Amino acid sequence: MAQTDMDSGEDGGGGGEPEVIAKASVLGGFTESTEIRSLISNLPEVHENIVTLESAIERFLVIMDRYQEQPHLLDPHLEWMLNLLLDLIRSEQSPPLLVHLGFKFLFIISKVRGYKIFMQLFPHEVADVQPVLDLLCRQDPKDPENRYMLLLWLSMTCLIPFDLSRLDGHLTSDPGQAREPIMDRILAVAKSYLMVSDKSRDAASVLVSKFVTRPDVKLKRLGDFLDWSLTTISQASDQTLGGTVILDGALQSLAQLFKHGKRDDFLQYAPVVLQCLCHMTSPRLAKWRYQRGSRSLAANLSQSQSGSTVEAVSPDMETQSQEEDYDIPEEVENVIEQLLGGLKDKETIVRWSAAKGIGRVTGRLPKELAGEVVGSVLECFSFQETDNAWHGGCLALAELGRRGLLVPARLPDVVPLILKALVYDEKRGACSVGSNVRDAACYVCWAFARAYEPTELKPFVTQIACALVITAVFDRNINCRRAVSAAFQENVGRQGTFPYGIDIVVAADYFAVGNLNNCYLTISVYIASFPEYTRPMIDHLVAMKINHWDGVIRELATKALHNLTPQAPDYMAATVMPQLLPVALGIDLHSRHGAILASAEISHALYKLANQNNRPVTELISSDCVDGLKSIHQRLFDRRQYRGFGGELMRPAVCSLIEKMSLSKMPFKDDPVITGWQCLIDDTLKSLHLISPGPRDGIKEAAVSALAALCEQYYQPQPGMADPQMQEVLVSQYIAGLKSTQVLTRCGSALALGSLPRFMIHGKLHQILSGLQQSCNQREVCFTEARRDAAKAMAQVCVTAGVSAQGSSDSVVCEGNVSAVYRVLLDCMTDYTLDSRGDVGSWVREAAMTSLLVVGTAPQLLSQDLVNGMMCSLAQQSAEKIDRYRAHAGSVFVRLLHSNNPAVPHIPHREELLAIFPPERAESLNWNAPSQAFPHITQLLRLPQYQYHTLLGLTVSVGGLTESTVCFSSQSLFDHLMLIQQDTAALGQFSDTLLRVFRDNLRNDRVSVPFLKMLDQMLARACFDTFTTDQDHQFCVDLLALCKEEIKKSKDTQKLRSAIAVLCGLIHFQGEVRKKVLFQLLLLLCHPFPVTRKTTASQVYEMLLTYDDVIDPDVMDDVMTSLSDTNWEEDIATVRTHRNQLCDWLGVQKPLLISKGPVQ
């Protein structure tokens, strides 16, 4: 827990480690087999020369290393390589150096392919046993490769299915020497090589596993070998290098034996071996260490059923016998000092290792010395220490507690420090440190839950439970919240004494605490319903979260206080509010910001409680607090704290205060503070351009919300009637703001008009709508945001005013003004303004699409022309390339189509649309997914009323850049074209619409460039092959003329490239139009841009290969040679000569060079 994501980033961060992709070269086979065969065959010649020998070895290594990742490619070649090398080894003429080279090459091959596969290829006949064994006995200790390979070979020869005693009869020994059975010789060799320090030790363990498990050997030698292994293990010392080598060999042999041997053969020896190994690995444990009761689940369950408790037990007799008085070397003190210093190291891994080391060393110290170590660890928890020391101290305490080395008597000193560590958060510049400390503190709580009896922790249960709950719900870091959740769950399960533990574990589990908003606004309310946690949670929010450095945490904390107020209203009113008001006027900016927001939220929550009982809020909030709330704005204004960076926090905070005071119906009517509040709102909306971009939108929304609440409460002398003076002032002021030179002032004024309540709009609707319409009609790039907010405000004003067919146009939306409103909105849907930020006009289009629903209660006011324009514009937006706006347009389109109460009249082709978008499937349609949206949208091409706008929208999608959008939109479009190939009338209508789209958008690069790309795809897919049978078909003639007009004097290389592709596609049409197309292409061969000339030549070359009937076959070769061999990037004069030659060959009139006249 303490080690998971200890230094991770904060919630929601996109930051993580960058993904690393390793690209490996994929080989198709063993391509160097010929070279390898040559290297091996030449070894007898090259081994005498050291230079050629080293070169051969190096080359062999390089080739073999290439197959480390794909060693299976060597499998078909392993046998012949092995045979060639064994021939060298077996040859009596081979000198020792050549034999060693043979084994070295075998070793390299086995290293690459793996010994398990390679050793199976060794010859293992009966006749091979004696020679291999003899050769192994004669080996030089300086040749580890020889011994390694011979041991593997001997391992295979041991698999012969004959009793080894049969081979003893053929042994010939020197006179006077005793005959030694071959079984004993192999065992002796294996034991000798188990004690070497090189790779031969591994091969010897393989030999043991193969040899000792033979039926004849295990009957006679298995027990003896196990005795030898255990004796070797018990006598060897792991304190010396030689002893470590011997231990490693013996343990490897045991591991291989128990792995490969039969269970029945080794079962009788398992207890003895296990006892020896456990004795070897058992550490010395301190007698004084604390141990929680029985670790047996059955014993714990039986104790629980009998009603008794499991007491802490003392160490067993074996441990006591080990714990004798012993002297501590002086060097240990230096070691402990180094470990304590390591707890404060800047590197996490060092602190973690130091904590582990302290746990291990302390477990071997007497109680008094261990107590001193614990005291030194506790010294890390000083606020003079850095966060590194706190983190290291927590890790050390967790290790000590987990090992039973932190005796219960120390808990009163330790628990308060851990509670501080759970909320440790030190500000460093614009952020803070301490998440790793809090995470490590969770680890401590988790370890304590497992280490101590419930009776030991009982005095601290309430403190620990409250601290864990607070951190689980209110910590900023997701890893800390999840770590605390796990620690709390462990405590509930192990201790069983946490108040309402099961309920809280269910509500605040690992996944639930992952969402910060859910923690603050939902889980906290549930947990606060338990009285043990209510006040600690409120106190923590007031003390540590409303002054947090992160503004998001401050705002969430104030909303959480609002939600927690019903749990303790008296405590909030009598204790928390008086605490907050002085802080709201303090010097610390973050504390002041949080306190103002918290005061506003708590006041509003208290008003809701009072309103439920039909009581005024002033009965819950004292008069001093009411006066304090009222004076906040004036005090801040007098101190000039609305200026600069601090003002960016104070303005939205006080606007929120104004909104909450108004909603709480504070008795401030006709009070001078209302004028001050109004001035602050007006000044904020006028000064938006002076505020940095980050908080600007939040400040604007806070001011607009405050204005709406202020008007509703304090500018309404009688219900439904506005204060005439304030109405005139505010409406005139904001309409004048719509003409400001500052775009943000226009935005603020528009949203302010949209937020006015109905009684403020009454009698001023015509004036307000006229101002907003004028703002929407100003198409300057710099006023895009103003048009967006004006469109939003127009919809808000219409909804607020209401709809009435026979009402006054100055008070409600009626027949007299609905047409003007909708024509402005439809005009906004054609806003495609571009700037350095991209398609900023999409903001206006989105706002306009949303605003189309304003007359949902009385759609009969809409004329046929308005409905037709509205549905066609939505169809166009539904076919465009940006997923977000396509989805929004599609949802509005379907909502208008399916509205029944009442239904929107005059929708063209309503029945056909309902068949395309049936109500039962409309909600499941994912408009964001191109694969789902475009197959439905392209069906609108069948409907004449929607064909033009749908095709216009599809044009930018099919000719766009996003791969998924292009793929699915083009596929859907071509599917539609394939369906109408046999319908001459439908295809003719489509082609006319296509030409109309092109004609209406000439020189409009937003449409014309993707249109040319789409047209190129259509021609490449032969969508208009029906027209090619006619001479000079009008579609081709018109299309050629439009293409010429589009690229005339164009310097856009992308547009020129697309136009060249279209012209090459038009060559398929018959008649004079083909000559005109060729003339245009040859004209482009002398374009001023070299890249355009080169592209044209390449495209024409491919075109002539595709359409072989374009030119005379007699000149085909000359034309193709000229197109391919000419350097079209040379100067114009040189290129023009080649171009004119092509004109002669193709029978096309040469373009005339027009000379520019002298400048007059």
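Student: What makes helix H43 largely enclosed by the rest of the structure?

Tutor: Nine of the 11 residues of H43 (residues 841-851) are buried, so the helix is largely enclosed. Buried means under 20% relative accessible area, exposed over 50%, and partly exposed in between, with a 1.4 Å probe and protein chains only. The buried residues include Gly 841, Val 844, Arg 845, Glu 846 and Met 849. A helix here is a DSSP run of H or I with at least four residues, a strand is a run of E with at least two, and both are numbered from the N terminus.

Student: Which elements do the buried residues of H43 pack against?

Tutor: They pack against helices H41 (784-801), H42 (818-828), H44 (864-878) and H45 (883-898), and against strand E4 (838-839). Contact means heavy atoms within 4.5 Å.

Student: What kind of model is this, and which residues count?

Tutor: It is a predicted model, where local features need pLDDT of at least 70, side-chain atom pairs count only at pLDDT 80 or more, and totals for chains, interfaces and linings use all residues. Residues are numbered from 1 along each chain as its sequence is written, and side-chain values use heavy atoms, with hydrogens and water left out.

Student: Why is the pair Arg 113 and Asp 75 called a salt bridge?

Tutor: A salt bridge is a side-chain nitrogen of Lys or Arg within 4 Å of a carboxyl oxygen of Asp or Glu. For Arg 113 and Asp 75 the N to O distance is 2.5 Å, so the pair meets the rule. Arg 113 lies in helix H5 (residues 96-113) and Asp 75 in the loop between H3 (50-65) and H4 (78-90), so the bridge ties together parts that are 38 residues apart in sequence.

Student: Is Arg 113 buried or exposed, and what about Asp 75?

Tutor: Arg 113 has a relative accessible area of 17%, so it is buried. Asp 75, at 33%, is partly exposed.

Student: How do you know that Arg 996 and Asp 1000 form a salt bridge?

Tutor: Their side chains meet at 4.0 Å, N to O. Both lie in helix H51 (residues 984-1000), four residues apart, about one turn of the helix. Arg 996 is partly exposed at 43%, and Asp 1000 is partly exposed at 47%.

Student: How many salt bridges are there by this rule?

Tutor: The count comes to 44. Lys 356, Glu 399, Arg 402 and Arg 403 are linked in a network of them.

Student: Which residues touch the most other members of the largest nonpolar core?

Tutor: Met 1018 and Phe 1024 do, in a core of 286 residues. Such a core is a set of buried Ala, Val, Leu, Ile, Met, Phe, Trp, Tyr and Cys residues joined through side-chain atoms within 4.5 Å. Leaving aside neighbours within four places in sequence, Phe 1024 is in contact with residues including Leu 987, Phe 990, Met 1018 and Phe 1069.

Student: Why is Glu 45 called exposed?

Tutor: Glu 45, found in helix H2 (residues 43-46), has a relative accessible area of 55%, so it is exposed.

Student: What makes the protein chain more spread out than a compact globule?

Tutor: The chain has 58 helices and four strands. Its radius of gyration is 44 Å, well over the 32 Å that the globule rule gives for 1160 residues, so it is more spread out than a compact globule. The radius is taken over C-alpha atoms, and the rule is 2.2 Å times the number of residues to the power 0.38.
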